[in-house]
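Thanks for coming. I will go through one structure today, a part at a time, and I will keep it short.

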Amino acid sequence: MSETANGRPAVGERIVHKTFPPITRHTLALYCGASGDHNPMHVDIDFAKAAGFPDVFSHGMLVMALLGQALTDAVAPGRIRSFSTRFASITQLGARLTCEGHVAELIEGKGERQARLALTAKDEKGEIKLAGEAIIAL
Amino acid sequence: MVDQSAVGRGFTPVTARVEPGRLRYFLKTLGEQNPVYCDEQVARDQGYSATPVPPTYLFCLEMMDAERPFEFLTDLNIDLARVLHGEQRFAYHAPVVVGDTLTFKSRVTDVTDKKGGAMTLVVIETKVTNQHGAHVADTARTIVVRN
């Protein structure tokens, strides 16, 4: 993470940025097993159709895991105090995700200097899939 | 339909061990290459006693080792096909590393109707402790039920 002369990142600075390959049915099958989330909605097209969806779609937590990966590429995991997201829209098969985080605010908390990062995961059309934030220790 | 009477309801605690093989499968699925997760020496150099888990893995551990992973749905009489994940929060208090044994205790903390009852938001908060009794994290999930 780059820092300004006073040792802090600048508000507005983008410190998290990572792009990911398209989400495939294979990814969803692997994530089903690897995550313990066996909800058939994400791997069984018959179940998804019966529930009123045109096809299976990504686990929200798979996208959050990718956003978390982008976050810890830039910020050591031990400096992350909190991480939260809202699942803004369904992430479809084939989505090519871009995960970003900008410094939204510099704050003092629990006796340490912290930054609040505004985080997003967008698909290749720029549609927001996840919007969230992380509090990190500086 | 789930209503206010669900607030305060608790679920069966889940005990989960952070197993290295299962964690490797998760990391590989995500294409994770960060050495802090993949190389124990790098993790130790950063002050961990073993490789740490990535930020969302607590959510997975709870589901993996639950006797009934969707207990909260069946107990609240919610159909799995009518559920979406609305929000997810993690607050981290201490490291979680390979070899830890975690206990997850979950309860319903909020139920709110939206769009004139077309949707109901259910918030479930989970306290996570480790084998030493240390409070390592709090998580919260918001479930959207399409009524």
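This is a predicted model: local features need pLDDT of at least 70, side-chain atom pairs count only at pLDDT 80 or more; totals for chains, interfaces and linings use all residues.

**Strands, chain B, and the interface**

β4(A) and β5(A), the latter covering residues 128–137, are antiparallel and share nine bridges. Five residues lie between these strands in their hairpin, and there Gly126(A) has a positive phi near 85°.

On its other pairing, β4(A), residues 112–122, goes with β3(A), residues 98–109. This pairing is also antiparallel, and it has eleven bridges. Here you can find Leu106(A) opposite Ala115(A) of β4(A). The hairpin of β3(A) and β4(A) has two residues between the strands, and Lys110(A) in that hairpin takes a positive phi near 50°.

Now chain B. How many helices and strands does chain B have? There are five helices and five strands.

As for dimensions, the C-alpha trace of chain B spans about 55 × 30 × 25 Å along its principal axes. Chain B has 147 residues, and 50% of them count as buried. Take the contacts in chain B between residues at least 6 apart in sequence: 68% of these join residues at least 24 apart.

One residue of chain B gets a closer look. Glu71(B) sits in helix α5 of chain B, which covers residues 71–75. Is Glu71(B) buried or exposed? Its relative accessible area is 11%, and the cut-off for buried is under 20%, so Glu71(B) counts as buried. Apart from neighbours within four places in sequence, Glu71(B) is in contact with Phe11(B) and Thr12(B).

Next, the place where the two chains meet. The size of an interface is often given as the accessible area lost when the parts come together. Between chain B and chain A, the buried area is about 2,800 Å², and carbon and sulfur atoms give 64% of it. On the chain B side, Thr29(B), Leu30(B) and Tyr92(B) lose the most area to chain A, together 18% of what that side buries.

In residues, the contact takes 31 from chain B and 38 from chain A. What does the rule find across this interface in the way of salt bridges? It finds zero salt bridges between chain B and chain A. It does find ten residue pairs in polar contact, both residues being at pLDDT 80 or more.

Which elements of chain B give two or more residues to the side that touches chain A? They are α1 (20–29), α2 (35–38), α4 (57–64) and β2 (83–92). The largest share, nine residues, comes from β2(B). Sorted by class, that side of chain B has 19 nonpolar, eight polar and four charged residues.

β2(A), residues 80–87, is joined to β2(B) by five bridges, and the two run antiparallel. To see one place in this pairing, look at Thr85(A), which stands opposite Gln88(B) in β2(B).

That is the last item. I can take questions now.

Terms used
Residues are numbered from 1 along each chain as its sequence is written. Chains are lettered from A and ligands numbered from 1 in the order in which they are written. Side-chain values use heavy atoms; hydrogens and water are left out. Helices (H or I, at least four residues) and strands (E, at least two) are DSSP runs, numbered from the N terminus. Buried means under 20% relative accessible area, exposed over 50%, partly exposed in between (1.4 Å probe, protein chains only). Contact means heavy atoms within 4.5 Å. Buried area is the accessible area (1.4 Å probe) that two parts lose on being put together, summed over both. A salt bridge is a side-chain nitrogen of Lys or Arg within 4 Å of a carboxyl oxygen of Asp or Glu. A polar contact is a pair of N or O atoms within 3.5 Å; within protein, one must be able to donate a hydrogen and the other to accept it, and residues adjacent in sequence count only if both atoms are side-chain atoms. Ala, Val, Leu, Ile, Met, Phe, Trp, Tyr, Cys and Pro count as nonpolar, Asp, Glu, Lys and Arg as charged, and the others, Gly among them, as polar. Two strands pair if DSSP finds at least two bridges between them.
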